[in-house]
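Me: I would like to learn how to read the strands and the nonpolar core in a model. Please take me through them one at a time.

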Amino acid sequence: MTTGMTGVDGALMRAAPRLRAVASLGVGFDSTDVVTARELGVAVSTTPDVLTDCVADLGAGMVIDIVRGISAADRFVRRGKWAQSAMPLAHDMRGRRVGIVGLGRIGRAVAQRLVAFSVEVAYHNRHEVPGAGHGTAGERLRQVS
């Protein structure tokens, strides 16, 4: 058992001759020597969807924060500026256009959250994503070249 940050290197695998599997908590396994694992017959697994929703919530939340100025308003109030001047009005989410680079699990989850706020979502991906068509009823996703 390891994490994507720690991983398991080839030397450790060779030092554990009865090792049969490496389970990495998280999405990636860049820090695990998969070449050596394959050579030794050690299975390597990850938990690919464990963080999708959490990361998508944070990503969509950051977009909302930037457009609506939530953390900027917080800083404005905490610095006491509200007593000297009015906070500038924030922008509306409706009708905004957001671009997502990479429409994998997380990109798609971010897009679904933003579409709920009537945001037009465009994406760029190495390959066209089936179902992410041009202005279909529930999805405002389109291929951007």
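**Strand faces and core**

Reply: Start with strand β4, which has a covered face made of V98 and I100, and an uncovered face made of R97, G99 and V101. Strands (E, at least two residues) and helices (H or I, at least four) are DSSP runs, numbered from the N terminus. This is a predicted model: local features need pLDDT of at least 70, side-chain atom pairs count only at pLDDT 80 or more, and totals for chains, interfaces and linings use all residues. Residues are numbered from 1 along each chain as its sequence is written, and side-chain values use heavy atoms, with hydrogens and water left out.

Me: In which sense do β4 and β5 pair?

Reply: Two strands pair if DSSP finds at least two bridges between them. Here β4 and β5 run in the parallel sense, over 5 bridges; R97 has E120 in β5 as its bridge partner.

Me: How many residues does the largest nonpolar core have?

Reply: A nonpolar core is a set of buried Ala, Val, Leu, Ile, Met, Phe, Trp, Tyr and Cys residues joined through side-chain atoms within 4.5 Å. Buried means under 20% relative accessible area, exposed over 50%, partly exposed in between (1.4 Å probe, protein chains only). The largest one has 18 residues, and M93, I100 and L114 are among those with the most contacts inside it. Helix α5 gives the most, with 5 residues.

Me: Where is L114 found, and what does L114 touch?

Reply: L114 is found in helix α5 and is buried, at 0% relative accessible area. Contact means heavy atoms within 4.5 Å. Not counting residues up to four places away in sequence, L114 touches A60, V63, M93, V98, V119 and V121.
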